[in-house]
Every structure is written in C-alpha cells, then in structure tokens.
Amino acid sequence: MSVFTLIKGKRGKSGFGYASTSADVVADLDLSGKNIIVTGANAGLGLESASQMASKGAHIFALCRTMEKASAACETIGNGATPVACELSDPASIRAAVATLKAQDVKFDVILCNAGIASTPELDQQNGIEATFFTNHVGHFMLATGLLDSLSDTGRVVVVASMIHAQSYEGGINFDDLSGEAGYNANKAYGHSKLANVLFAKELARRFEGTGKMACSLHPGAIPTDIARRMAPGAANAANTIFKLFCKNVGQGAATQTYAAVHPDAANHNGAYFRDSNLATPSEDAQDVDLGIKLWEETQKIADRL
Ligand SMILES: NC(=O)c1ccc[n+]([C@@H]2O[C@H](COP(=O)([O-])OP(=O)(O)OC[C@H]3O[C@@H](n4cnc5c(N)ncnc54)[C@H](OP(=O)(O)O)[C@@H]3O)[C@@H](O)[C@H]2O)c1
C-alpha cells in the first residue's frame, strides 16, 4: 500500500477524512426542517453538497447566476428546492436575492458561500474591483451580511476558501490596489480572494462570539470541477493534470463544506478553518485579527458605495 493511499484512508478526530464523501457526512443525519442557502448550486461542489443535504430533508435555496440555472439545479437537487437568481458580481442582483430570501419569512440555518471563480490570465474587473476578489469575497460579503438578521439562533455561515489562501500578495490583502491595476498576478489574485474568504469567516466568527451562531471557512481539496475554466490554457492544463493525479472526486470534495454546514460536531468550532472534514490551521495572515477587521471595514465601504 502506498503512502498516498494510507493518507487518503486516514480519518481524523471528526471520524471523517480525505476520502470521506458528502454522502458519508450526512448518512446519519436528519436535516428535515433545515433551511439552507447554497451559492453556486448548479455545478461542482455546490450542486453535490446541496443534493446530499436535500436527500436528508433539508430545504435548499439554490442561488445561481440566473433563474434558468437555478430552476434547473433545483430539479437535480430535489426536495422542493427553491431557485433564486444571484449573480455575485452584480450588486443589484445580490440585493434582489437578499430581498427575495428575506421575503420567504423563514430563518436560515446555513448560508453556504460556495460559488467561486479562478483568476483570468489578464486583469478582469467588476465594479472597479479585481473580478476574483469581487465575486469570491465582496459578493459573498454583501449576501451574507445582508442576511444576518435572517439567520437562525444557531445559524452557520460557511465560506468555501482554499489552501491557496496562503499564496496571496505580500502583506496579505492589497488594500491599496483592490482594483488590481498596480500589479495584477493571476495566481496571487485567486489566493488574495481566498485569503479574504478565510479572514471574512474569522471576523464574522469574532462578531458571533457569545451567540449560538458560528462562522467558518474551509479547503475542499483539489477536485476536477469546472473551476479552472477561466485560467490560461497552460495553467488550466497543469491544474487538470494535478487534479487527475492527486484529486478527490466531487463527492469527496463536497464533504468538508457539508460537514461544516450541517454536522452537529462542527457547531462547536466557531471561527474554524476545516480541511478533510477536520480542524486545520490556516496561514498566519489568515489568523491576523486586525487584518480581518480592516478587511471587513474596507469591504463594507465598497458595498456602501455600490
Ligand atoms: N475544485 C477545486 O479543486 C477547488 C479547490 C479549492 C477551492 N475550491 C472552491 O470551491 C468552490 C466551488 O468550486 P467548484 O470547484 O465547484 O467550481 P465550479 O464547478 O466551477 O463551480 C463554481 C460555481 O460558482 C458559480 N459562480 C461562478 N461565478 C459566479 C458569479 N459571479 N455569481 C454566481 N455564481 C457564480 C458557478 O456558476 P456558473 O456555472 O453559472 O458559472 C458554479 O455554480 C469555489 O469557491 C472554489 O474556489 C475549489
């Protein structure tokens, strides 16, 4: 048996590990009565985790770029899932989604911020902000903070980040160049957005302290989804080769976010960063409380002017 096979088969304290699937995570759970928002619910990890949670009785609010995609996703997810249009690069669309969700008059048990894009080879912007940072971080910030009043007393906000958060720009967050115009680098731009994901979850968790609510982030693994589609062909090919050699399948990739969203044990870990459905340690920058506070304040300013 190879070392790699041994690592893959290992389980951590949670009882789950690298090879566990989202189906394994929900196997013993009854999620009836849970209202769960999933962004990017039409593809990859979002569709898989939404489908598994719905199979155990959760009501999924499937957020996708268009109503057409959301309705098609709901057919696959099942259990009467509710389609909601939410284009995370468009503030008007995010605000409309928040209004639609608030009008449901339910308390949400989970907001699973799953949607994400990789960075393009050349600078791309949304609303004057580098596009990866806007979609992955600012869009989710606007959605989740817009819905905090509608979170249940034990509600969770789960942000799908990446281990690549450790490969951001020097100093962590480029507050002086959020437009990306001064020094764009595609690899670092993705890491930058994912560091923002971890810092946002940490700062939200700090604000949740003393309540029954929790926020956390995670690395799902390397999984052959469509995530590499915006990358340069060379980089995408390299990523796909790595995915094929070392990757998890989609069921395994969706396990950690499913664990963070609905497993009872995860509720005890406000502020955690998970990997392979177990506690892990993010980068030093990701643990910098002052950086998280500054990111929250600067992101709020961006949201307020849009
Ligand atoms: N796959 C990996 O190896 C890996 C590794 C580390 C972290 N992650 C993270 O895991 C998460 C899920 O990614 P995935 O691997 O499942 O990728 P995927 O198959 O490409 O799915 C991404 C989802 O995000 C949606 N999305 C993208 N841009 C959006 C926007 N502007 N507004 C609303 N929705 C948008 C996509 O919608 P459309 O289909 O309409 O584009 C799709 O539903 C991402 O946050 C990603 O960064 C993935």
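Residue D105 is exposed, with 7 other C-beta atoms within 10 Å; a residue counts as exposed if 12 or fewer other C-beta atoms, placed from the backbone, lie within 10 Å of its own, as buried if there are 20 or more, and as partly exposed in between. The structure is a predicted model, in which local features need pLDDT of at least 70 and side-chain atom pairs count only at pLDDT 80 or more, whereas totals for chains, interfaces and linings use all residues. Residues are numbered from 1 along each chain as its sequence is written.

D105 is located in the loop between helix 5 (91-102) and strand 4. Helices (H or I, at least four residues) and strands (E, at least two) are DSSP runs, numbered from the N terminus. Most residues other than glycine have a negative phi. D105, although not a glycine, has a positive phi of about 55 degrees. A positive phi, of about 60 degrees, is also found at S277, likewise not a glycine. S277 belongs to the loop between strand 9 and strand 10 and is buried, with 31 other C-beta atoms within 10 Å. K13 is placed in the loop between helix 1 (3-9) and helix 2 (22-26) and is exposed, with 10 other C-beta atoms within 10 Å.

The strands form an open sheet of 8 strands in the order 3-2-1-4-7-8-9-10, with mixed pairing; two strands pair if DSSP finds at least two bridges between them. Strand 3 (82-85) and strand 10 (278-280) are the edge strands, each pairing on one side only. On average, neighbouring strands of this sheet are turned by 25 degrees against each other, direction ignored. Axes here are lines fitted to C-alpha atoms, for helices over the stretch in contact, and angles run from 0 to 180 degrees between N-to-C directions.

Strand 4 (residues 108-113) is mostly covered, as 6 of its 6 residues are buried. Strand 1 (residues 35-39) runs parallel to strand 4 and is joined to it by 3 bridges, with I36 opposite V110. Strand 4 also pairs with strand 7 (residues 151-160) in the parallel sense, over 5 bridges; here V159 is the bridge partner of C113. Strand 2 (residues 59-64) and strand 3 run parallel and are joined by 4 bridges, and A62 has P83 in strand 3 as its bridge partner.

Helix 7 (residues 186-208) lies across strand 7, strand 8 (214-219) and strand 9 (273-275), and runs at about 160 degrees to strand 8. The largest nonpolar core has 85 residues, of which I60, A62, L63 and C216 touch the most other members. Such a core is a set of buried Ala, Val, Leu, Ile, Met, Phe, Trp, Tyr and Cys residues joined through C-beta atoms within 7 Å. Helix 7 supplies the largest share of this core, 10 residues. Leaving aside residues up to four places away in sequence, C216 touches residues including V158, A201, A205 and F274, contact being defined by C-beta atoms, placed from the backbone, within 7 Å.

The ligand is surrounded by 26 residues, the closest being G40, G44, A115, G116 and T225; a residue is near a molecule if its C-beta atom, placed from the backbone, lies within 6 Å of it. Helix 3 (residues 44-55) provides the largest share of this shell, 3 residues.

How values were computed: Two residues are in contact if their C-beta atoms, placed from the backbone, lie within 7 Å.
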